[in-house]
Every structure is written in structure tokens, then in C-alpha cells.
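Here is a friendly tour for anyone who likes to see the numbers behind a fold. Please keep the viewer open as you read.

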Amino acid sequence: MSLLEMRDIRKSFSGVSVLKGVQLTVESGEVHALLGENGAGKSTLMNILTGVLPRDGGTITFDGQKLEHITITQSEKLGIAFVHQELNLFNDLKVFENMFLNREYANKFGRLDKKRMRAEARELFERLGVEIDPDAVVADLKTSQKQLLEICKALHLHAKLIILDEPTTSLNNEEVDHLFSILRKLKAEGTSFIFISHKMPEIFALADRYTVFRNGEYIGEGRIDETTPEKVTIMMVGESYSNAEVYEKRALGDEVLRLDHFTGDGFHDISLSVKRGEIVGMTGLQGSGSSEMLQAIFGSSRATAGTVTAFGRTVPHNSIHGAMKAGIAMLPNNRKENSVLPDMTLMENMAISEQTLTAAKLPVDSKRDKKRYGEYKEMLGIKAQSSDDLITSLSGGNQQKIFIARWLNTDAELLILDNPTQGIDVGAKAEIYRLILELAKAGKTILINTLEIPEIMKVADRCIVFYDGGMIRELAHEEINEQDVMLYSVGITEKTAGKESKKS
Amino acid sequence: MKKLGRIWSEYSFIFVLIVIFIVYAITSSGLTWSGVMNIFRHSAVIGTVALGMGLICLTGEIDLSVGSMLALTAGFSVIVFNVTGNIFLTLVFALGFGALCGLVNGLLVGGVQMPAFIVTLATMLIYRSFAQYFCQHVDRALIGGGSSVYKMDTANASYQTLFGFGNGKIATIPNVGIVMLLMTALFVYISSSTKYGKKIYAIGSNFKAARMSGINVSMMKISAFVICGLLTGLGAFLWIAMNGSADPATTGSSYEMYAIASVVLGGIAMSGGRGKMLGVLFGAMSYTIVDKIIVALKMDSLINNAIKGIILILVILVQVAGPQIRERFRKSA
């Protein structure tokens, strides 16, 4: 008998049907990948299972028990735990305090038995091979440790089923491996997992079975070892998906960006020359300096030495406005935190950067903004109803396009894209790649930083691998492959010793 | 139904004013034109100050010092008037000194990045204390011979002109009310139709994203505090023009709270980024009418703040609970 059986689950929000009779079956001791694009209904289904949302119809059986009206406490008691993408930890509390929050051990006078809580936490960490100090303050932990702490918290509640919502988004590959080895161990002990992720390699490395949703409908399920990433992707996106090569070689112009011994927080001594129309991919493990360096070019992270020359002019350090005036634009990582102005409309979100450059002319030229908005909507293929809708009404991919428009609108010639496809579904990702190439063809110079190497393989003319704050390797388009890039980014270079990097 | 809900949430301040006005019309025996115009007169100072507060709240900050700033600026402006006898210089001083007080707040909040609540709490104490201290320790002649009040020199040639401005009318509308309406119009324009306004909203909406869009967040915050100081200085000028004096202990007392309440009643979110400057005018006028109602009912004016507080809670209750009730209604339907 299956651990979890959800049948014919239906749910609609204000008349819009988001789950149209979907099903999901999870066996004991398996990792079940739940797949689908953003908006396919995965989160809604998980929220129904954990009692956050009531369902409109369908049956749920968990551990042999039919569940009627699920509440959050009830699902917790039954042994269902949800590790959210945005972690639900209290940063100012200690590790063990987080673990035992609301279930503290105390003596009969209400005094906390910290000793026992610490010991129990330590024991659990040791059993799993997790290196966390129970007395550390959560704010000081690395993201990967926080992720593991969330899982430990779930296990401590004797969860039989743990839902992991994109647990690897902010982890580097080493940390992912560690997480996976722990998950495998737990699986062997009989814990089941529902694994929500967009990353195919991870799904194929970890999951036993999968279920695919598309637009709130059940598409199919099966064993991972009987399918391929391509087949699963086609199930997710429908017939429209094609893995066709989008890259094409272009003629490059003169040098437009030059870095000389550029140094700052998290990176040092970077010298680089970039030509007009070039797409340079930057990659490296988290904290390797690639993102920090790009932010420093834009002035949003600290630079301490060296020079940046763009379009023949020296760009001042630590001044976003100065960088913008030099023709540099940056699409920052973490869209929700660094790009979205949630209370403002699509048009206001688009126009804001251009407005800071032309602030001396005080009145807003809404006629011109509207015209520009229309042009970018057409050019970037933004799917939106009215320019007066709030930005939050759009999907992640369309929001990102608005922010690309925000920067194109400043007439910047150098675009820095930091992790531009983060949290965007497969279909929209392909569109963003196509856009990047089109912009480069139109003469824009593009620096793109991403942790996803296939992304660089799709678009970059060359790839620069960062390690420990420096450039460790430069690869031409043909040379880029996942394995080599990975080796360089963990600091292994002997394999290809002798091959010197082509540019200084 | 859905559309109505949206209009309610965006323009609830109009409904609030209408309801309060109807109560006023019923309670006051015989509604007169001059009685209604009086509302403008009595809203003028708080309305002007609240506009500045509205701007600061849109950026997600707060200014608790405006009441004390009003008293200090009004007191010193009286001295300037008594010394110079020049109305224009008095106005310039009031604006400049207010802006300076605002700049102090702005530099500490926007520049040093201290929490606005703490900074302006401190300057609230400081400005009020200065107002009271200097009133006791300057030459009596400078404060019109009074002992604990800054009094304008009534013998001064310009006094009648200034007092006349503060209490005069143009086409039956009080001058000070016109100043407030003009300021409201100006700030409605600034907030909705200028790039400066868009940047203010952007900062309140998400200051990190605003920074990454190229906005100089520190400068913008400093400017918002300076503008609030300017408006408070203007309020101080209107105050002395209307009253001919400023009492350092009571002038502007609790005005920071009334200003914040007007801003909230006007639909501006305290977290910033949402709301309309026009609402501030309606919020301030609603509160003035409450004063009038209490006078009309011959109630003890000590009950005043209780009623204002209750109205604030009721309006926010409807705003917060309204969507929840609607959602539940939809579920059961």
C-alpha cells in the first residue's frame, strides 16, 4: 500500500481552476519528483496536502488513513513536513532553539531543559553527518546548513513524508552532493520525499519516480530510470519545446569594456577585455567572486582597486549612478528582492531606471513611457494585460522581461545579467536565451553570470570560470562543457595543464 | 462588487469624510457656509504638516518630531518677526529653519542610516525642549514681553498685515485654507506626475530594488525629511499668522500623532509605497470635523482624542477585515 494517495484533487481560486483533478501517489521510502512549470499546480497541491489550503474535491489517503479536512497541525502530527523554498527559520535564535520551537523540553516550573535539547540536536546531527553547532545562531549559518537544519527539524518530528521545494536553489554543487547523500541515507531508513525541482540532472540523480503536471492537469508518472530528461521536459512543456541549438557565431566589434587589476570585496586582480556584441559567461561556485565582480562593475558591491573602462571612459567605483551614466545596466540576481517594486505598475516598474537618469527633467512623460512600453512589450514578447496592472500579477518570466525592458530603456550598451533565469520555468528560460542572443546581435554587449553551466553553453561566446575570487580559466564556446567547467570551479586545473588561456 | 471593493480600498478616505461630514451636518444646528469654511481654516496647519508626513511615510519612514519642530520654528519665527518686523523675512526664516530641522533628521536617517523612529523620537524631545528653554532664557522684549509664550509685537507696523493674512478670507475662503489646498495640489502633482514622486514610491515599495534601479536612496530620504521640515516651517508660519503667538508647551503638541493618523486615514501604508497624497487632505479634514462635532454636541473636549482614536481603528478595521470577510463570503457562496 502506498504511503500517500491523492486522487482527483480539484481546486479553483475565484473561479479560475488551478487543479483539474490531479493525482499523486508516493510509496514508502522513495524520492518522488513532482515536476511541472511554474504555475502547473505543484505548490497548490502541496499546500492542500499540508493543510494550508482547503481542497474543492478529491480524496487523500495518508498512511492508510483517509483525510477529510486537513489542518496544518494535523498534517504535522501525521508526519508530513514541508521544507519551503524560502526557509522558515528564525535568524536570531540558536540552532537548537529553532529545532525545538514550540516543543521545548521544560521542567515543571517552565524552566527550559537546554541541556537535553542540545544533546538531542547534536545526536541527530551526528547520525546524519551534518556539521552544525547546536549553539550557533541561525543567522551565522550558511544557506546549505539552514537547508539541512530545516530537514533535521522535520525529521525530529518523525516526519514520514518530507516535501522539499527546490532545496538546491542556493546551494553549490558540493553542498548539493552532501544534501543528496543525506537524503539517500534517510530514504534507506524509510522516509519518503516529494522533491520539487527544475534541475534535471538533480532529479535524475536522486529521484526514483516522477509525476508531471501541466497547467493544473495530471500528465503522467513513471520510473525515472525508464525515461530521459528530454522526454520529461516535453511532458512538462508540451509539444512546443525544442532543444534546438540557439547559439550562432557573430562578428564582434571593438573593445568596449576593459578591466585592469580590478579588485574588491570577494574578488581580486581581474583583468579582462570584452568586445562589442560579445556574450561572456561567468561561472563559479557560490562565493567564487563572479557575481561580486559583476556587482562591483555596476557599483552595487564594493570595489577597492583597479580600473573599469567602459566605452572609453573610466567608470567610477561604488556608484550605481556613475555606472549607469557610463552605459552599464545590471539585471540583479534574486528578482523578488532586488528588482520587483511590488506596489507599482508594469509601466512604472519599467520606467524607473530611465527616470533616475533623466531626473533633472522633473515631470514624468507618460505618453513616451507608454509608447516605449508598447515597443518593449512587442519586442520581448511580454504577456500582460494592461500597463497599469501591478508587477506582481505577472509570472516570473514575464516579470524578468519587464526588468530587461527597464534596462534597455536606459539605452545601456553593456548589460550585466546576474542569474537571469533564476526561478523561471523552462519555456520562459528558452525565451530569455533567445533574447540574450538577439540583443547581442543588435550590438549590445552582455556579461552573464550563472551557476547553471548548460545555460552558458547555450549562449556564451566564451566562459570565464571563477575560483576563490580570481579567474581560473577561460574557455571558448566550443570548449565549454559541463564536466570541465565543474572541475575548474572546484579548483582543479592540472588536467589541462599546458594549455594556456588565450587572452590576458 | 469587485470594482466597488477596489474603489473603497483606494478612495476610502472620501467615504470617511462624507460620513463624518454628515454626522457634523446633523449635529450642528444649522449648517452654515462660514461654518464649513472654518473647517479649512482649522485644518490648515495640521493639513500642511501631514503632507510632509505623508511623503516620509511613502518612503517607509516616519517623523515623530514634527509637532515639536512646529513649536520651535513658530517660536523662533516670532522672535525674527519681532526683531525685523518683516513678514517676508519671517516666512523665509520659518521655511529655512524648518528645512534645517528636517535636514538633521534626514542626515541621521538617510545618511547615517539610523532608525527613523529613534532619531525623530530624540529630535522630538530636543526641539520641544529648545522651544521651552529659549522661551525662558531670551530677552523678554524678543518674545513680546510675555513670560512663557512667544508673543508677536502687536505694536509692530506689519503685525496687522500678518494677522490679517492669517485670519482673512478671499471670496469667503480662509487664506490659510487656500494655502493648504495649494500645497495639497502641489504635492499631489509631485507624488503622481514627477520622477521624484515615482522614486519616493519605489523606495517605499522595495528599497533594495530601488537602489539597484539606480535611485540614490540616501539622498531621496534626506530630501523627504527636508521637504517635511519645509512644510512644517510653513505650518509654523501659518500658525503665528493665525494666532499671533506660539506657546512652546502646547503648540503642535500631539501633532505628530494627528499627522500620522491623517496619513493612515488617507490610505497611505505605513510600510511605504502605497497610497495617495490626496488622502492626507481628507484625513486631516476628517479630524478637524470631529473637533467641530464635539463642540456642536457641547461635549467635554477631553473626549476628543478617544473619538479620533476610535475612528482610526474603525477605518483600518474595515480596510483590513473587509477583504477577509469578502473572501469568506465567496467561499461559502
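Predicted model: local features only at pLDDT ≥ 70, side-chain atom pairs only at ≥ 80, totals over all residues.

Residues are numbered from 1 along each chain as its sequence is written, and chains are lettered from A and ligands numbered from 1 in the order in which they are written.

**Chain A overall**

- Chain A holds 17 helices and 20 strands; helices (H or I, at least four residues) and strands (E, at least two) are DSSP runs, numbered from the N terminus.
- The radius of gyration of chain A is 25 Å, close to the 23 Å from the globule rule for 504 residues, so chain A is as compact as a globular protein of that length. This radius is taken over C-alpha atoms, and the rule is 2.2 Å times the number of residues to the power 0.38.
- The C-alpha trace of chain A spans about 70 × 50 × 50 Å along its principal axes.
- Of the 504 residues in chain A, 43% are buried. A residue counts as buried if 20 or more other C-beta atoms lie within 10 Å of its own, as exposed if 12 or fewer do, and as partly exposed in between, with C-beta atoms placed from the backbone.
- Among contacts in chain A between residues at least 6 apart in sequence, 67% join residues at least 24 apart; a contact means that the C-beta atoms of two residues, placed from the backbone, lie within 7 Å.

**Confidence in chain A**

- The mean pLDDT of chain A is 86, and 95% of the residues score at least 70; pLDDT is the predictor's confidence in each residue, from 0 to 100.
- Confidence in chain A is lowest in helix α17 (residues 482-489), at a mean of 78, and highest in strand β16 (residues 328-331), at 95.
- Residues 495-504 of chain A have a pLDDT below 50, and this stretch has seven contacts in the model beyond near neighbours in sequence.

**Chain B overall**

- Chain B has 13 helices and four strands.
- With a radius of gyration of 20 Å, close to the 20 Å that the globule rule gives for 333 residues, chain B is as compact as a globular protein of that length.
- The C-alpha trace of chain B spans about 75 × 55 × 35 Å along its principal axes.
- Buried residues account for 50% of the 333 residues in chain B.
- In chain B, 78% of the contacts with a separation of 6 or more are between residues 24 or more positions apart.

**Where the chains meet**

- 25 residues of chain A are in contact with 22 residues of chain B.
- On the side of chain A that touches chain B, α10 (320-325), α11 (335-338) and α12 (346-357) of chain A each supply at least two residues. The largest share, six residues, comes from α12(A).
- This side of chain A divides into 13 nonpolar, eight polar and four charged residues. Here Ala, Val, Leu, Ile, Met, Phe, Trp, Tyr, Cys and Pro count as nonpolar, Asp, Glu, Lys and Arg as charged, and the others, Gly among them, as polar.

**Nonpolar cores**

- In the largest nonpolar core, of 175 residues, A:I328, A:I416, B:V49, B:M53, B:L238 and B:A259 touch the most other members. Such a core is a set of buried Ala, Val, Leu, Ile, Met, Phe, Trp, Tyr and Cys residues joined through C-beta atoms within 7 Å.
- Helix α10 (residues 217-243) of chain B gives the largest share of this core, 17 residues.
- A second, separate core of 59 residues includes A:L4, A:I48, A:F82 and A:I132.

**Helix α1 of chain A**

- Seven of the eight residues of helix α1 (residues 42-49) of chain A are buried, so this helix is largely enclosed by the rest of the structure.
- A:L45 is found in this helix and is buried, with 29 other C-beta atoms within 10 Å.
- Leaving aside neighbours within four places in sequence, A:L45 is in contact with A:I9, A:L19, A:V22 and A:L24.

**Strand pairing in chain A**

- Six bridges join strand β11 (residues 255-264) to strand β12 (residues 267-275) of chain A, which run antiparallel; strands pair if DSSP finds at least two bridges between them.
- β11(A) and β12(A) form a hairpin with two residues between them, and A:G266 in the turn has a positive phi of about 90°.
- Four bridges join β6(A) to strand β7 (residues 161-165) of chain A, and these strands run parallel.
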